[in-house]
Amino acid sequence: MAFFKKEDKQEYNKNLLKDEVEYENEGLLFNDPVYEKYKSEIDFLILEDEEVEEVHPLIIDYLCITNKRLIFVDKEVSGKVEIVSVPYRNICDISIVRGHALNITNELKVRTKGKDHELKFIKGRDITSIYNKIVSKII
C-alpha cells in the first residue's frame, strides 16, 4: 500500500484535473476536452430529438447528461464494456458517497429498479452540482 504526503496527493489531484475545462451550466461548451474525447461515441448514441447538456469525466470514461437520460460507460476489470442508458423516469434515487482523506474518488450512486450504478469521479470534482442537476430532472 502506498502512502502519500499531503503535498504529493494535492499535486496528484491537480494533475488529474489539469485537462478539464470548467464551465457554467449555460449548456455544453463544444470545445470541452471531455466532450471532444468522446464526441463520436456520444453522437452515435444521441437520438434526433435529444440534446447533450453536460459531459463529465469519470475515473474511467464519462457521464453524459442529456435532456432525456443519463449515458455512461460501465467498464469491468474483465474487459467487458457496457454502455448504460438510464431514462430519468427509471431512476429511483441518487446519492453522493464521499471518500475518506486517502481516497482519490467520490461516487454518485444512481439506483434504478434493476441495478445500482456507481459513478466514480476524481476527488475534487464538484459532484454536488451534478447531483443537483440530476435530482432536478427526477423530481
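Author: Strand β6 (residues 105-112) and strand β7 (residues 116-122) run antiparallel and are joined by 7 bridges; strands pair if DSSP finds at least two bridges between them. Strands (E, at least two residues) and helices (H or I, at least four) are DSSP runs, numbered from the N terminus.

The model is predicted, with local features needing pLDDT of at least 70 and side-chain atom pairs pLDDT 80 or more, while totals for chains, interfaces and linings use all residues. Numbering starts from 1 along each chain as its sequence is written, and side-chain values use heavy atoms, without hydrogens and water.

In the protein there are 3 helices and 7 strands, which follow the pattern α-α-β-β-β-β-β-β-β-α along the sequence. An open sheet is formed by 4 strands, in the order β1-β2-β3-β4, with antiparallel pairing. Its edges are β1 (52-57) and β4 (81-87); each has a single partner strand, so one side of each has no neighbour in the sheet. On average, and with direction ignored, neighbouring strands of this sheet are turned by 15 degrees against each other; such angles run from 0 to 180 degrees, between lines fitted to C-alpha atoms. Between β3 (residues 69-75) and β4, which run antiparallel, there are 7 bridges, and Asp 74 stands opposite Glu 82 in β4.

Helix α2 (residues 33-45) packs on this sheet, where the helix touches β1, β2 (62-66), β3 and β4; contact means heavy atoms within 4.5 Å. The direction of α2 makes about 125 degrees with that of β1. Helix α3 (residues 127-138) lies across β1, β2 and β3, at about 40 degrees to β2.

The residues of α2 that are buried (under 20% relative accessible area) are Val 34, Tyr 35, Tyr 38 and Ile 42. Their cover includes β1 and β2. In the protein, 38% of the 139 residues are buried.

The ring centres of Tyr 38 and Tyr 62 are 4.5 Å apart and their planes stand at 40 degrees, so the pair is tilted, the class between stacked (under 30 degrees) and edge-to-face (over 60). Both Tyr 38 and Tyr 62 are buried.

Tyr 62 itself has a relative accessible area of 0%. Beyond its neighbours within four places in sequence, Tyr 62 is in contact with residues including Tyr 38, Glu 41, Ile 42 and Leu 45, and also Val 55, His 56, Pro 57, Ile 71, Phe 72 and Val 73. Tyr 35 is 27 residues from Tyr 62 in sequence, yet their C-alpha atoms are 8.8 Å apart. In the protein, 35% of the contacts between residues at least 6 apart in sequence join residues at least 24 apart.

Key: Buried means under 20% relative accessible area, exposed over 50%, partly exposed in between (1.4 Å probe, protein chains only). Rings of Phe, Tyr and Trp (its six-membered ring) pair if their centres lie within 6.5 Å; planes under 30 degrees apart count as stacked, over 60 as edge-to-face and the rest as tilted.
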